[in-house]
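Please walk me through this protein model, starting with the chain as a whole and then moving to its parts.

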Amino acid sequence: MPVHTSPIRCGIIGTGAIAHAHAHALTGLHGRAELAAVAEIDPDRAAAFTGRFPVPAVYGDAAAMLEKERLDLVHVCTPPQTHVPLAIAAMRAGVPVLVEKPTALSLAEMDELADVQAATGTPVLTVFQHRYGPAAVRLRRLAAAGALGRPLVATCETLWYRDDAYFDVPWRGRWEVEGGGPTMGHGIHQFDLLLSILGPWAEITALAGRLSRPTNTEDVSMALDRFKNGAMATVVNSVVSPREASRLRFDFEHATVELEHLYGYRDADWRFTPAPGHEDLADRWNAADQTDEESGHRLQIAAVVDALAAGTEPGVTLAEARRTMEFAAATYAAAFQGRPVAAGEITGSHPFARSMDGGAAPWAPIKGKTTA
Ligand SMILES: NC(=O)c1ccc[n+]([C@@H]2O[C@H](COP(=O)([O-])OP(=O)(O)OC[C@H]3O[C@@H](n4cnc5c(N)ncnc54)[C@H](O)[C@@H]3O)[C@@H](O)[C@H]2O)c1
């Protein structure tokens with residue numbers, strides 16, 4: 001990969017809600033990156049965006065932007081069903097891509113991305129910004145070094161609240177557009193962080209239900225997971241929980257590490273409790289790199305820009321994102337087939353490789369939400 005001495009030239013595709021977080025992050029990089037162009041199909045959205053973030057070039061079409069601009073990085077900030085075709089167009093144009101979550105709608109689409117990535121040698125990355133908060137980085141480092149002992153038990157809860165009106169937006173709540181409900185769209189950040197710390201998972205048992213909301217997807221899912229290292233975890237994803245909370249808890253042999261936040265955490269949101277006889281670990285947890293920065297887009301985008309500039313591997317890589325997407329697919333497959341699903345089982349022509357619902361969601365679709 002080339003080493004850059006000038007600012008990384010970035011383009012954004014889709015200038016809706018989350019594009020503002022990307023542009024804000026780029027603005028904060030002070031010369032390490034520049035927002036060179038945007039592509040947006042809705043002129044009103046483009047105007048609202050450029051009113052806040054001045055951009056030298058605005059395109060109505062991503063292909064034109066990729067052809068005319070010499071970009072070093074393109075951010076895909078469009079609704080989920082457009083991610084794969086846009087990412088493939090960018091890779092074919094030789095531009096590394098940072099795609100908003102979920103990377104794709106299915107494991108089959110993830111494999112299509114992997115083929116194009118291998119053929120072009122251009123990486124496709126996924127936004128999982130919560131991996132990049134300083135406390136998560138520290139926990140990964142301590143866990144990987146074995147300092148906390150073996151991981152034994154974990155809980156991962158994304159208990160959010162989205163009212164019925166949230167599902168009025170035409171692309172929401174449809175398998176074929178979003179890929180799923182809170183498993184794919186909301187809780188995915190937290191179980192991605194869980195997986196980044198506990199490593200490969202081995203087996204999942206799950207339930208999923210549409211309990212309350214006017215959606216074709218689930219509005220609640222729950223999974224029981226066994227990891228390859230023997231640890232066991234529960235993962236709950238909900239959009240029907242009035243007192244919202246995002247929680248993670250890890251019980252290692254030598255310490256409990258807990259996080260409670262909502263949409264982004266700071267160091268103060270974590271709690272570290274050493275096991276008896278391991279009190280010295282608290283000093284290692286509290287010592288280094290304490291900052292007050294929230295685990296938002298800025299930290300991941302800064303890391304991606306710096307890796308591209310240095311010619312090192314940026315994250316979150318497609319292989320890592322695939323493991324998280326496979327976890328989502330296995331949650332749906334286990335829930336809808338009523339049996340445990342093993343890692344590596346959902347491949348090829350498996351119905352849950354082709355779509356997250358596997359064509360097997362056990363509730364009737366809502367009229368008007370059945371086609372893309
Ligand atoms: N990482 C996070 O924490 C986070 C938070 C919110 C949303 N997201 C993700 O970001 C993505 C976008 O969500 P949003 O809430 O910003 O949606 P949004 O509807 O507010 O914005 C999407 C924009 O993309 C534009 N668009 C659609 N197709 C296009 C195309 N082919 N070319 C150019 N522009 C196109 C739309 O006109 C719209 O302006 C989704 O995948 C969502 O899951 C991530």
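A residue is called buried here if 20 or more other C-beta atoms lie within 10 Å of its own, exposed if there are 12 or fewer, and partly exposed in between. By that criterion, buried residues make up 49% of the 372 residues in the protein chain. The model is a predicted one.

The protein chain contains 13 helices and 14 strands. Its radius of gyration is 20 Å, close to the 21 Å that the globule rule gives for 372 residues, so the chain is as compact as a globular protein of that length. The C-alpha trace spans about 60 × 50 × 40 Å along its principal axes. Of the contacts in the protein chain with a separation of 6 or more, 71% are accounted for by residues 24 or more positions apart.

Helix α4 covers residues 83-92, and seven of its 10 residues are buried, so α4 is largely enclosed by the rest of the structure. The buried residues are H83, V84, L86, A87, A89, A90 and M91. What do they pack against? The partners are the strands β1 (8-13), β4 (73-76), β5 (97-99) and β6 (124-126), together with the helices α3 (62-68) and α5 (107-120). After α4 comes G94, which has a positive phi near 80°.

Two packed helices are described by the angle between their axes and the distance between the axes. For α4 and α5, the axes come within 10 Å and cross at roughly 5°. Angles under 35 degrees count as roughly parallel, and α4 and α5 are therefore roughly parallel to each other. On the α4 side the contact is made by V84, A87, I88, M91 and R92, which meet E109, E112, L113, V116, Q117 and T120 of α5. By class, this contact between α4 and α5 has six nonpolar, two polar and three charged residues. Two of the residues on the α4 side, V84 and A87, are also among the buried residues of the helix.

The model also includes a ligand. Which residues are closest to the ligand? They are G14, G16, A17, I18 and E100, out of 22 residues that surround the ligand. The shell around the ligand divides into 10 nonpolar, seven polar and five charged residues.

Some backbone details in the loops deserve a separate look. Most residues other than glycine have a negative phi, and most peptide bonds are trans. K101 and P102, however, are joined by a cis peptide bond with omega of about -15°. P102 sits in the loop between β5 and α5. A cis peptide bond also runs from G315 to V316, with omega near 5°. V316 belongs to the loop between α11 (297-310) and α12 (318-337). H30 is not a glycine, yet its phi is positive, about 45°. This residue is in the loop between α1 (17-27) and β2 (33-39). Is H30 buried or exposed? H30 has 8 C-beta neighbours inside 10 Å, so it counts as exposed.

E260 is in strand β12 (residues 255-261). With 14 other C-beta atoms within 10 Å, E260 is partly exposed. Leaving aside residues up to four places away in sequence, E260 touches A245, R247 and D269. E260 and D168 are 92 residues apart in sequence, and their C-alpha atoms are 30 Å apart in space.

G133 lies in the loop between β6 and α6 (134-144). It has 26 other C-beta atoms within 10 Å, so G133 is buried although it is placed in a loop. Its contacts, not counting residues up to four places away in sequence, are Y265, S295 and L299. From G133 to I197 the C-alpha distance is 13 Å, and the two residues are 64 residues apart in sequence.

Conventions. Residues are numbered from 1 along each chain as its sequence is written. This is a predicted model: local features need pLDDT of at least 70, side-chain atom pairs count only at pLDDT 80 or more; totals for chains, interfaces and linings use all residues. Helices (H or I, at least four residues) and strands (E, at least two) are DSSP runs, numbered from the N terminus. Two residues are in contact if their C-beta atoms, placed from the backbone, lie within 7 Å. A residue is near a molecule or strand if its C-beta atom, placed from the backbone, lies within 6 Å of it. Ala, Val, Leu, Ile, Met, Phe, Trp, Tyr, Cys and Pro count as nonpolar, Asp, Glu, Lys and Arg as charged, and the others, Gly among them, as polar. Axes are lines fitted to C-alpha atoms, for helices over the stretch in contact, and angles run from 0 to 180 degrees between N-to-C directions. Angles under 35 degrees count as roughly parallel, over 145 as roughly antiparallel, 65 to 115 as roughly perpendicular and the rest as oblique. The radius of gyration is taken over C-alpha atoms; the globule rule is 2.2 Å times the number of residues to the power 0.38.
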